[in-house]
Amino acid sequence: MGLPAPRAKHEDRETTEAKHLRRLGKKHEIFKLILDYRERCKLIDTYMWTPDADGKIRSIFGFHPSTWRKSSRNPNIQTIPKRNDLATAFRRTLVASKGHLLFEVDSAAVEAVLTGYYAESSDLIRLAKAGIHDWITSAFHGIHIPLNLPDDELMARCKEAKAKWPEDREKMKRCIYLSFYMGTPERMSEEYPLDFPDVKSARTVQEFFFSTKPGQDVRAWHRRTLEQAHKDRFLEIPWRYRHYFYNVFAWDSKNQDWKLGDDAKRAVAFRPQASASAFQSDCLLAVEESGHPDLINSLAWPVHDAIIGEAPSEIVRDIVAELYGVMVAPINLLDGLTIGAEAKIG
């Protein structure tokens, strides 16, 4: 078609990754069809899992990422599609055993809450629990929800903002989570070209977030974390998980100045991500130590911030209530911090 091949800016190479082809798809329909075809091929190739003799799908879990996040292999059940027609089609193939129901208990905004904890920001912790994306979106539209409201009222006001500006709220959500871990406007535009069609639009949203009190707290936390990781060469969390870093800052001889090294973003992400994983492990250990056989035997998969399982229909609500209680209990290692949770049964 006479079009130049897209290039990945940071690596200076040609690429046909989806985020780049979507841009071409705005003017040339053929690229949308290619992406649609590719997604369906991936669904068949990647998610045609082979059950064991008893009809179960089993995965091998580990701590493969350096930040101690949990991961799974053979098959990787943590990359199930979620927000399109293929996701709906695939999820219908996951069925509970006869007489059972599936359940999922998901820690609510756990990394956002933990970011607030490590940033020493009570405002960020409250907003992470009430709806930080909604609060920032409302402020972006000129309506500032007071932070001194009671928790219930603050949450209600945030829900109103979510209903009023759903599309902008999704953009803000993507911006905030990438900004937590030092994502740049260029990265935002590359990852979400439909939300941020150019770098300028991404930069506008991110600069607004960093202009707010929670955003300023995040920026200050970035600086403290990078300086500590550079000085000590490691970071640690209360669970004694330790990560070493050797290239937080790198000397740029061309410009005669320091720049962020390869370890910088990893250092910022380590504490919230490792703590979320450690907290989930504690929940699983607490279930085992409870000695409750029905609850223990019902657990199946830890997926990201959720614990998924299957229980007999007549006791599934009791099982979920007990697991929910474990997941919202105060975390002693984090000064009694609590993480909310949401439950689904189906």
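Trainee: Let's start with serine 189: is it buried or exposed?

Mentor: Keep in mind that we're looking at a predicted model. To read burial, look at the relative accessible area, where under 20% means buried. Serine 189 comes in at 2%, so it is buried.

Trainee: Where is the place of serine 189, and what is serine 189 in contact with, leaving aside its neighbours within four places in sequence?

Mentor: Serine 189 sits in helix α9, which covers residues 185–191. Setting aside the neighbours within four places in sequence, its contacts are Arg23, Phe196, Pro197, Asp198, Val199 and Ala202.

Trainee: How many residues apart in sequence are serine 253 and aspartate 294, and how far apart in space?

Mentor: They are 41 residues apart along the sequence, and their C-alpha atoms are 62 Å apart in space.

Trainee: Now salt bridges. How many does the count come to?

Mentor: The general idea goes like this: side chains of opposite charge can pair when their charged atoms come close. Here the count comes to 18 salt bridges. Take aspartate 36 and arginine 40, whose side chains meet at 2.4 Å, N to O.

Trainee: Which helix do aspartate 36 and arginine 40 lie in?

Mentor: Both are in helix α2 (residues 29–47), four residues apart, which is about one turn of the helix. Aspartate 36 is partly exposed at 34% relative accessible area, and arginine 40 is partly exposed too, at 31%.

Trainee: What about arginine 13 and glutamate 17?

Mentor: Their side chains form a salt bridge at 3.0 Å, N to O. Arginine 13 has a relative accessible area of 30%, so it is partly exposed; glutamate 17 is also partly exposed, at 30%.

Trainee: Is arginine 169 buried or exposed?

Mentor: Arginine 169 counts as buried, at 11% relative accessibility. Its salt-bridge partner is glutamate 170, with the closest N and O atoms 3.2 Å apart. Glutamate 170, at 27%, counts as partly exposed.

Trainee: Which residues are linked in a network of salt bridges?

Mentor: Asp52, Asp54 and Arg58 are joined that way.

Trainee: On to helix packing. At what angle do the axes of α4 and α12 cross?

Mentor: Picture each helix as an axis, then look at the approach and the angle. Helix α4 (residues 110–118) and helix α12 (residues 264–290) have axes that come within 9 Å and cross at roughly 125 degrees. That makes α4 oblique to α12. The crossing is right-handed.

Trainee: Which residues of α4 and α12 meet?

Mentor: From α4 you have Val110, Glu111, Leu114, Thr115 and Tyr118, and from α12 Arg271, Pro272, Gln273, Ser275 and Ala276. The residues of this contact divide into five nonpolar, three polar and two charged.

Trainee: Which residues of helix α5 are buried, and what covers them?

Mentor: For a helix, ask which residues are hidden, then what lies over them. In α5 (residues 122–130), the buried ones are Leu124, Ile125, Leu127, Ala128 and Ala130. Their cover includes α4, α6 (132–140), α7 (151–164), α8 (166–180) and α11 (213–232).

Note on methods
Residues numbered from 1 in each chain as written. Predicted model: local features only at pLDDT ≥ 70, side-chain atom pairs only at ≥ 80, totals over all residues. Heavy atoms only, no water. Axes fitted to C-alpha atoms, helices over the stretch in contact; angles between N-to-C directions. Helix = DSSP H or I, 4+ residues; strand = E, 2+ residues; numbered from the N terminus. Parallel < 35°, antiparallel > 145°, perpendicular 65-115°, else oblique. Left-handed = near helix turned anticlockwise from the far one by under 90°. Contact = heavy atoms within 4.5 Å. Nonpolar A, V, L, I, M, F, W, Y, C, P; charged D, E, K, R; others polar. Buried < 20%, exposed > 50% of the residue type's maximum accessible area, 1.4 Å probe, protein only. Salt bridge = Lys/Arg side-chain N within 4 Å of Asp/Glu carboxyl O.
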